[in-house]
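Me: Could you walk me through how to read a structure like this one? I would like the general idea before the particulars.

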Amino acid sequence: MDDPHIHVEAKVIHRDAAVRDLMASTFGLAGDLPSQVTAGCGLRVPYAMTSPSPGSVTCLACREHARREHLRFAEQVERLSRMPGSVVGFDQAKLAADKHRDLAERFS
Ligand SMILES: [Zn+2]
């Protein structure tokens, strides 16, 4: 396989350390670092050929995937923060949502 492109991991959100902590405390998900991952475009690629950074990803399908995921996450985190008894505070959710909308913008 000779693929020069940098992809995003399909689970692009989980690459973000702060969000990983947030998600871990919210959903009980733990981060792991596999050698091969499924990319946003559907390919199986080496973990080393993926990046969560908008400046590094060259695969167009992956950029579109990342944009959608960041927007979806922003909505999800806001929805969570509005639920009664939510562990995610309003300010924390707003901060996370803003950050991910910004990231989505940079992937488009
Ligand atoms: Zn890709």
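Reply: Gladly! A nonpolar core is a set of buried Ala, Val, Leu, Ile, Met, Phe, Trp, Tyr and Cys residues joined through side-chain atoms within 4.5 Å. Keep in mind that this is a predicted model.

Me: How many residues does the largest nonpolar core have, and which of them have the most contacts inside it?

Reply: In soluble globular proteins, nonpolar side chains tend to be buried together. Here the largest core has 18 residues, and those with the most contacts inside it are Val8, Val12, Val57, Cys62, Ala66, Val77 and Phe107. Helix H2 (60-81) and helix H3 (90-107) each supply at least two core residues, and the largest share, five residues, comes from H2.

Me: What is Phe107 in contact with, leaving aside neighbours within four places in sequence?

Reply: Phe107 touches Val8, Pro52, Ser53, Pro54, Val57, Arg63, Ala66, Arg67 and His70.

Me: Now the metal. Which atoms coordinate the zinc ion, and why is the arrangement called tetrahedral?

Reply: Ideal angles for four tetrahedral donors are 109.5 degrees. In this model the donors are His7 (ND1), Cys41 (SG), Cys59 (SG) and Cys62 (SG), at 1.9 to 2.4 Å. They subtend angles of 106 to 115° around the zinc ion, so the arrangement is tetrahedral.

Me: How are the donor residues spaced in sequence?

Reply: The pattern is H-x33-C-x17-C-x2-C. His7 lies in the segment before helix H1 (17-27) and Cys41 in the loop between strand E1 (36-38) and strand E2 (44-46), so this pair ties together parts 34 residues apart in sequence.

Technical notes
Residues numbered from 1 in each chain as written. Predicted model: local features only at pLDDT ≥ 70, side-chain atom pairs only at ≥ 80, totals over all residues. Heavy atoms only, no water. Donors = N, O, S within 2.8 Å, 3.2 Å for Na, K, Ca; no water. Tetrahedral: all angles 85-135°; square planar, octahedral: opposite > 155°, others 65-115°. Helix = DSSP H or I, 4+ residues; strand = E, 2+ residues; numbered from the N terminus. Buried < 20%, exposed > 50% of the residue type's maximum accessible area, 1.4 Å probe, protein only. Contact = heavy atoms within 4.5 Å.
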